[in-house]
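Reader: I am new to this structure and would like to go through it in careful steps. Could we start once it is on display?

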Amino acid sequence: MAETNTILRVQGLKKYFPIQRGVFRRTVGHVHAVDDVSFELTKGETLGIVGESGCGKTTLGRCIPRLVEPTDGEITFSGDSVGGELRVQSADKERIADLRRRVQMIFQDPMASLDPRMTIFEIVSEPLRYNADLTQTEQRDRAASLLEKTGIRSDYMDRYPHQFSGGQRQRIGIARALILEPEVLICDEAVSALDVSVQAQIIKMFKQLQEELSLSYLFIAHDLSVVEHVSHRIMVMYLGKIAEMAESDALFDRPRHPYTESLLYSIPSADPSLKGKKRRVLAGDVPNPADPPSGCYFHTRCPYAQEICKTTAPPLKEVAEGHHSACHFADTLPLKGYQQIISERRSEPAHE
Ligand SMILES: Nc1ncnc2c1ncn2[C@@H]1O[C@H](COP(=O)(O)OP(=O)(O)O)[C@@H](O)[C@H]1O
Ligand code: SF4
Ligand SMILES: [Mg+2]
C-alpha cells in the first residue's frame with residue numbers, strides 16, 4: 001500500500017442482493033445494498049458511518065471480514081501481524097480465518113445471541129478455545145485483564161449475562177471481541193440501544209481502548225450525534241452510496257450535501273432552550289433500494305433539487321481538502337452547519 005498507515009482500503013465495493021420471486025425463486029431484480037463505495041481507514045482512526053436504516057451500513061461492515069460475499073470491488077487489508085497486503089477476495093480459508101481474527105464486529109447486543117447459561121468467563125474466553133493454545137489459568141488471566149479494561153470487575157467473571165445491565169453486557173461483548181487482539185473493530189449500532197448517558201460512557205471507553213491498543217474503528221450508527229464524538233472522519237451513506245465524507249468537524253460545521261444537512265436538522269437536542277421547538281425532519285421515506293430514483297438518488301426528498309438532479313447522477317468529488325460530496329451543487333448551496341441550525345431553532349417561536 002502507498003501509505004504505510006493505511007490499515008484497510010476498500011475500492012469500488014458493491015453488494016447486490018438478488019430479489020427472488022415465485023416457486024422457482026426466479027431472480028427479478030437486485031437490491032443495491034452497497035453500490036460503489038471506496039474509502040481508506042488509517043491505523044488508530046475512527047471512521048463513522050451514518051445514514052437512515054436500510055442504506056447499506058451493516059452490509060458494508062459485514063463485507064469486510066467476508067461475512068457477506070461482495071459482488072464486486074476490492075478490499076485490501078494491511079497490518080503488522082501478517083506483513084504485506086491481504087486481498088480479501090482472493091484470500092484462502094486460512095487467511096480468511098486470520099482476517100476474521102484481526103477484524104472483529106460488535107453488534108447492538110452481542111450477548112443476545114449467546115447461551116444465557118454460559119458464564120461471563122466462558123463467553124469472553126470462547127474465541128480462545130479455537131484460536132490459541134492456552135491453559136485454563138492463562139485463559140482466565142487474559143479474560144480478567146480484558147474485563148478490567150472494559151470496566152467490568154474480574155471477580156464477576158463467574159456470573160451470568162442476566163445479572164448485568166445493557167451497558168455492562170455491551171462492555172462484556174467488547175471484551176470478548178478484543179480477546180484475540182484484533183486490529184480493527186467494526187461497531188455496528190454498538191451503542192444505539194443504550195440510554196444517552198450510558199452511550200457516552202461506552203463511547204469514552206471505546207476511545208480509551210483505541211489509544212491503549214492502537215485500534216482502528218468503523219463506527220456505524222443511524223444517528224449523526226452518536227458518531228460525532230468518537231469519529232475522526234464521517235461517511236454519510238444514502239441508498240448504498242457515499243453522499244458525503246469529511247472530517248467530523250468539517251461535516252458538522254460546513255456540510256456539503258443536503259442529505260447531511262437534513263440529518264443535522266434531525267438530531268435531537270437535550271438543550272433546555274430548545275424545549276418545545278420543532279425539529280425539521282426529513283420528508284418522506286427512503287426510496288426502495290431495489291428501484292432507486294433516477295439521477296441523484298436523493299432528488300425525491302431534497303429541498304434544493306433542480307432539473308439536472310432528476311436525470312444526472314452526481315459523482316463523488318473532492319470539494320475541499322479531504323472533503324467529498326456527491327451533489328451537483330456542493331460548492332454553491334448555502335447549507336447550514338449544526339451550530340447555525342441550533343441558533344435558528346432557538347430563535348423560532350415555541351410550539352406546544
Ligand atoms: N441478506 C440479505 N438479503 C437481501 N437483502 C438484504 C440482505 N441484507 C440486507 N439486505 C437489504 O440491503 C439493504 C441494506 O441493508 P443494511 O445493510 O442492513 O442497511 P442498514 O444497516 O444501513 O440499515 C436493505 O434494503 C436490506 O433490505
Ligand atoms: S444533486 Fe440535486 S438532488 Fe442531489 S443532493 Fe444535490 S441538490 Fe439535492
Ligand atoms: Mg444495520
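Author: Before we begin, note that helices are DSSP runs of H or I with at least four residues, strands are runs of E with at least two, and both are numbered from the N terminus. The model is a predicted one.

Reader: Which element supplies the largest share of the shell around ligand 1?

Author: The residues that surround ligand 1 include Gly56, Lys57, Thr58 and Thr59. Two elements, β2 (26-42) and α1 (57-63), each give at least two residues to this shell. The largest share amounts to three residues, and the element that supplies it is α1.

Reader: How many residues of the shell around ligand 2 are charged?

Author: Ligand 2 is surrounded by 13 residues, of which Cys296, His299, Cys302, Cys309 and Cys327 are the closest. Sorted by class, this shell holds ten nonpolar residues and three polar ones, while the number of charged residues is none.

Reader: Which strands are the edge strands of the open sheet of eight strands?

Author: The sheet has mixed pairing, and its strands follow the order β6-β7-β8-β3-β9-β10-β12-β11. An edge strand here pairs on one side only, and the two that do so are β6 (103-106) and β11 (317-320).

Reader: Which residue in β10 stands opposite arginine 233?

Author: Strand β9, which covers residues 233-238, pairs with strand β10, residues 241-247, in the antiparallel sense and over six bridges. Within this pair of strands, the residue of β10 that stands opposite arginine 233 is glutamate 247.

Note on methods:
Residues are numbered from 1 along each chain as its sequence is written. Chains are lettered from A and ligands numbered from 1 in the order in which they are written. This is a predicted model: local features need pLDDT of at least 70, side-chain atom pairs count only at pLDDT 80 or more; totals for chains, interfaces and linings use all residues. A residue is near a molecule or strand if its C-beta atom, placed from the backbone, lies within 6 Å of it. Ala, Val, Leu, Ile, Met, Phe, Trp, Tyr, Cys and Pro count as nonpolar, Asp, Glu, Lys and Arg as charged, and the others, Gly among them, as polar. Two strands pair if DSSP finds at least two bridges between them.
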